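Please look over the sequence and the structure shown here before reading on.

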Amino acid sequence: MQTLHVLQLGRMRYAEALAVQQRAVALRREGSIGDLLLFVEHEPVITLGRNAHRENILVNESALAQQGIELYETNRGGDVTYHGPGQLVGYPILDLRGEFPQKRGPYLGPVDYVRLLEEVLMRSCGEFGVTTQRIAGCTGVWTLAAPEKKLAAIGVHVTVGITSHGFALNVLNAANTSHGFDCIIPCGIATRGITSLQSEIESKPLCDQQPVPTLQQVEHSVARHFSRVFARNLLWTESLDEAMTVNTVSG
Amino acid sequence: MPTDVVMPQMGESITEGTITKWLKQPGERVERDEPIFEITTDKVDAEIPAPAAGILSSILVEAGKTVSINTVVAIIGGEVGAVAEAPKTVAATPAATAVVSANTTSPAAVKSDGPNLSSPLVRRIAQENNLDLSRVTGTGAGGRITKDDVMKFLGGYGAENTTPTTPAAVSIPGELVPMTKMRSIIAQRMVESKHTSAHVHTIFKVDMTRIVRMRNRHKAEFESRHGVKLTYMPFITSAAIAALRKFPIVNANLEGDSIRYHAHINIGIAVALEWGLIVPVIKNSETLSFPELARSVADLAARARSKKLMPDEVAGGTFTLTNSGIFGEVIGLPIINQPQSAILGIGALTKEPVVITAADGTESIAIRSMQHFSLGFDHRIIDGADAGKFMAEFKSALENWQHGGA
């Protein structure tokens, strides 16, 4: 089984995390590291995907700056989204041409990959007692009860078989109650709202409530389900450089 | 050797992708695996690498267009700009143009001076419609004639059309013969029946060995004594009558909100004719002896074939037998003859290896004469259990034939 390095970046500004991500993509591309899963919690930021429509940002840039929210244009798929504290962001850097149980050709189809990311997140949410679903045509992880609310957003980029960007799972209320989501129409979907694991858990009757997990616990859960769904051995690592040495040793 | 660049498959259920941006322009050199265009679909933004190194000779699908997977979107290694002047290059990549033609339209219509460029698909459509392609203006890359162009020219163009349209109302050679009266009645009544009854069919396999032996032993004697050939039909009819006596619901029919149980068993026997099909009826069949039954069957069949049946001889049936096995058919699933509620289909009589369990429990394989029977019944009044019991009784009557009749 191939190895999956897991690297926790902790709280980090978007630009800084993007630099780490870009370096990871370059290293993965030249084969210096194996598949990698980056976890990060961003400082408040609004990012625009390749298909983003500016009109889905409801306030101007100076208003955003006043609230301490940065704005970035990225090359991931999808529309506009918000990242901030209380939200678990994952950037899987995978080579889609590698071994995957679900692979049906020379590479894992990028859209199939997105469906699998949903699978990972749905399993994790289920572990914390929150049942979720997919909605056809609306990539992401959604709650069951109508109107469905988005628990996790997905937007990826693939270059020469290497994936970047990834998913954002709202764990704590800070993520969805932040003013950040009010400034945008998330993913350009105006009809459905945003929620978090915490508010989903707390909206249940008290007797059914599981404890609200910490970001760290969700991180571990997602990593575990990621390794199962994509058939990878987990290897926690402290830095990209450590991942490189491990790769050299094992390779 | 030119290499086609195709729209890749993004996922198992994904059939198309949108090109968002060309990262390389025609004439630029690309290395193998160097990203040359970007596509987007379903929250995935992907840069597609070049399948080979070479000069990007032509872009066939512009940015912003959505094309199905495996569509050729560009060509690497063809001669740059050669597409318009040198038909040879195009001829070398017929697959490319064929696929692309349905999807590409470059806004700049180029009128080529040389022979018009087209794909095999376009040429086929042209040939099928007796169209001279030189009359069509190509709007595709390098002035080639796309399918769109041809379809527009022919006037029969639908935007979603991906298959060549076939000319409407083609008359196929042949002759138009009006249906006979009998044919149209059969047509009408069969459809009526299917619309009326809730048809269910159950199939039983019956060991006819005993009957076969008995018939072989007695047929000469029977014919000389009763003046009629001994066929299997009277045996089958007799067994059906015995079963119908036991299960009157199979001999009943639905009348409004009630079920009418008939006092008599009037067995219709379907007789195939050169010109159709007719079902003469043996009235009060439960009162007939075996030889009388045999004579009735033979008599009605003969008169049906010689068109000598009286009108009342084809009416009043309460149950029907239809022998579809005479042509070797294993079993058929007959349509109920309205307003009856059940019909018994008779399959072919064949010899088969069968496992026989003796009284002491020992098992052996024997050659037995086997025959399939199917009961088509109206589930509105007959349940599967009734039908099953009826057929079990029918089977038992044949397998344990007791009548001294023959």
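In chain A, helix α3 (residues 110-127) and helix α6 (residues 215-229) pack with their axes 9 Å apart and at an angle of about 135°, where axes are lines fitted to C-alpha atoms over the stretch in contact and angles run from 0 to 180 degrees between N-to-C directions. This is a predicted model, in which local features need pLDDT of at least 70 and side-chain atom pairs count only at pLDDT 80 or more, while totals for chains, interfaces and linings use all residues. Residues are numbered from 1 along each chain as its sequence is written, and chains are lettered from A and ligands numbered from 1 in the order in which they are written.

**Where chain A meets chain B**

- The contact between the chains takes 22 residues from chain A and 17 residues from chain B.
- On the side of chain B that touches chain A, β4 (35-41) and β5 (44-49) are the elements that give two or more residues, and β5(B) gives the most, with five residues.
- Strand β9 (residues 149-159) of chain A runs parallel to β5(B) and is joined to it by four bridges, and two strands pair if DSSP finds at least two bridges between them.
- V158(A) stands opposite A46(B), which lies in β5(B).

**A buried loop residue**

- G34(A) is found in the loop between α1 (14-29) and β2 (35-42) of chain A.
- G34(A) is buried, with 25 other C-beta atoms within 10 Å, because a residue counts as buried at 20 or more such atoms, as exposed at 12 or fewer, and as partly exposed in between, with C-beta atoms placed from the backbone.
- G34(A) and L94(A) are 60 residues apart in sequence, and their C-alpha atoms are 7.9 Å apart in space.

**Chain A overall**

- Chain A has seven helices and twelve strands, which are DSSP runs numbered from the N terminus (helices H or I, at least four residues; strands E, at least two).
- Of the 251 residues of chain A, 49% count as buried.

Key. Two residues are in contact if their C-beta atoms, placed from the backbone, lie within 7 Å.
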